[in-house]
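Visitor: I would like a close look at one part of this chain, and then at what surrounds that part. Please keep the account plain and define the terms as they come up.

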Amino acid sequence: MPNIRERLSNWRNQSPHAATIDTAKAAPPPSPLAPVDLTDYNQVAGVMDLAARIGDILLSSGTSNSDTKAQMHAVTSAYGLWWCHVDITMNNITVSTHIGTTRKSPVTVFRVVRTLTTDFSKLSAVDRLIRSIQAGATPPDVAERILDEIEAQPTAYGPATSIFGWGLMGGAVSMLLGGTPLVGVISFITSIVIMSMSLFLTKHHLPVFFQNVIGGVMATIPAALSYAAAAEFGVELRPSQIVASGIIVMLAGLTLVQSLQDGITGAPVTASAHFFETLLFTGAIVAGVAIGLQLSSYVGISLPPMESVAAPNPASPGVRVLAGTAASVGFAIACYAEWSAVLLSGITAMTGSVFYYFLFVPMGVSTVMAGSMAAVIIGFAGGLLARRFQVPPLIIAIAGITPMLPGLAVYRGMYAALNEQMLVGFTNIATALAISCGLAAGVVFGEWIARRVRRPQRFNPYRGFKVAGRATLQQAQQARQQLRRRGARRR
């Protein structure tokens, strides 16, 4: 009769509880199909193109360079194409290899990645396809048809539901910042208006920079109008909470966390490009907020001066935990995540928020350090849940840390810079950047811990390929036979 420790060990080592990226970073199993002739240019190029298309969807969904490369290698290796080089730079994917025995012929596939999207339903579908390919159950022609269907399939639900998710996120974030229920309702409506306009402008192919400018204006004007109306009726209202919630909604769709993750995991060129893109788009939000403030002053509405440091948050820790959970759920819905991923995102965000507000904050831990430690917990808990329920860990991790994005610090830094308070503005922007770095690093580290806890068993079935010296499948089979003969002689 096995004891409890043995049962837990057996449950942990079961292959269905390993994430796709875990099995990709372990040596892949040999494909029982062996469907690819490695001396045929067209078949080899077809497998490489299939891997490049999968990498396209992974990158556009926010997957880091290192994880994308690992999963692309897993796809090519499952079809016998072990010796294959993958290079990713910003939005370019290059896959190259050599075929032939006596005379080597290069084969290269190049693909330009689409712009960053927020459709997590396609990410989940591709994750299942990679699992099927690694299991040896999907030949290349079948995988190509499935990939065509994934690229053509509509989102998991309609745009109206997605926009509602953005509104839920905006309203919850304002409550997280200490806003009243009235502020939550106004932020909910403001976020819906911002993202509806962004969706409309996207259909008309307006560059994202100008979309963020318009979004910054639309985040400021409703706050100014609400503040003026509340002053008429003697109702207390802080417009900074409305503006900050709108900024966080717009920042959630940017590539800041992805750029920092790429830098941490060893892709500095891509990280620098994404970081510059994020700074550019954040500057567009700054410009939009400045325009909104100027328009408000022209019509006689002057917003109250912004405090240079964070004001005390009147919301209780329990309210903040519930608001953070709701914000995470709203973001997952806005990104078209499957409902199981939405539920897991909420559970993970609640776990991180409980540690943040009930343990780290009462202990007097600084904001940057508390956010970093909470991100580690989110990355770890999300990684375990994702492996248990076979959901891409990226979805849960990104949704879990979204409520902790420093939108109020960004707005405070913008406001100070626009009012010639450069020291205060620089301090707040630096604080926001430090918090973002801590969140990204914490998620990566927590995911690394989860990967070690639930790491699949390592094995090395491609020794024959390595002995063959990057040659053909036929030579690899001969090498394997020689290894077997040597083993039989030793016995």
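At 1.5 Å a residue, what length should the 18 residues of helix 13 (residues 317–334) span, and how far apart are its end C-alpha atoms?

Guide: This is a predicted model, and its residues are numbered from 1 along each chain as the sequence is written.

Helix 13 should span 26 Å, and its end C-alpha atoms are 25 Å apart, which agrees. The expected span is 1.5 Å times one less than the number of residues. Helices (H or I, at least four residues) and strands (E, at least two) are DSSP runs numbered from the N terminus.

The buried residues of helix 13 include R320, V321, A323, G324 and T325. Towards the other end, A332, I333 and A334 are also among them. Buried means under 20% relative accessible area, exposed over 50%, and partly exposed in between (1.4 Å probe, protein chains only). These buried residues pack against helix 5 (120–134), helix 7 (159–176), helix 10, helix 14 and helix 16 (393–401). Contact here means heavy atoms within 4.5 Å.

Three of these partners can be followed further. Helix 10 covers residues 239–252, and its 14 residues should span 20 Å, in agreement with end C-alpha atoms 20 Å apart. Helix 10 is mostly covered, with 14 of its 14 residues buried.

Helix 14 runs over residues 339–360 and contains A341. A341 counts as buried because its relative accessibility is 1%. Apart from residues up to four places away in sequence, A341 touches V391 and I395. The C-alpha atoms of A341 and S124 lie 9.1 Å apart in space, although 217 residues separate the two in sequence. M350 is also in helix 14, but at 35% relative accessibility M350 counts as partly exposed.

M350 belongs to a nonpolar surface patch, together with L322, V354, F355, F358, L359 and M363, and the patch has about 660 Å² of accessible area. Helix 14 supplies the largest share of the patch, five residues. Patches are made of residues with over 30% relative accessible area and no salt bridge, with like charges joined within 9 Å and nonpolar side chains (Val, Leu, Ile, Met, Phe, Trp, Tyr) within 5 Å. The areas come from the Shrake-Rupley method with a 1.4 Å probe, and for residues only the protein chains shown count as cover.

Helix 5 holds K122, which is buried, with a relative accessible area of 12%. Setting aside neighbours within four places in sequence, K122 is in contact with I57, I150, E151 and Q153.

E151 leads on to a salt bridge, which is a side-chain nitrogen of Lys or Arg within 4 Å of a carboxyl oxygen of Asp or Glu. R53 pairs in this way with E151, with the closest N and O atoms 2.9 Å apart. That pair links helix 3, where R53 lies, to helix 6, where E151 lies, 98 residues away. E151 counts as partly exposed, at 27% relative accessibility, whereas R53 counts as buried, at 7%.

Note on methods. This is a predicted model: local features need pLDDT of at least 70, side-chain atom pairs count only at pLDDT 80 or more; totals for chains, interfaces and linings use all residues. Side-chain values use heavy atoms; hydrogens and water are left out.
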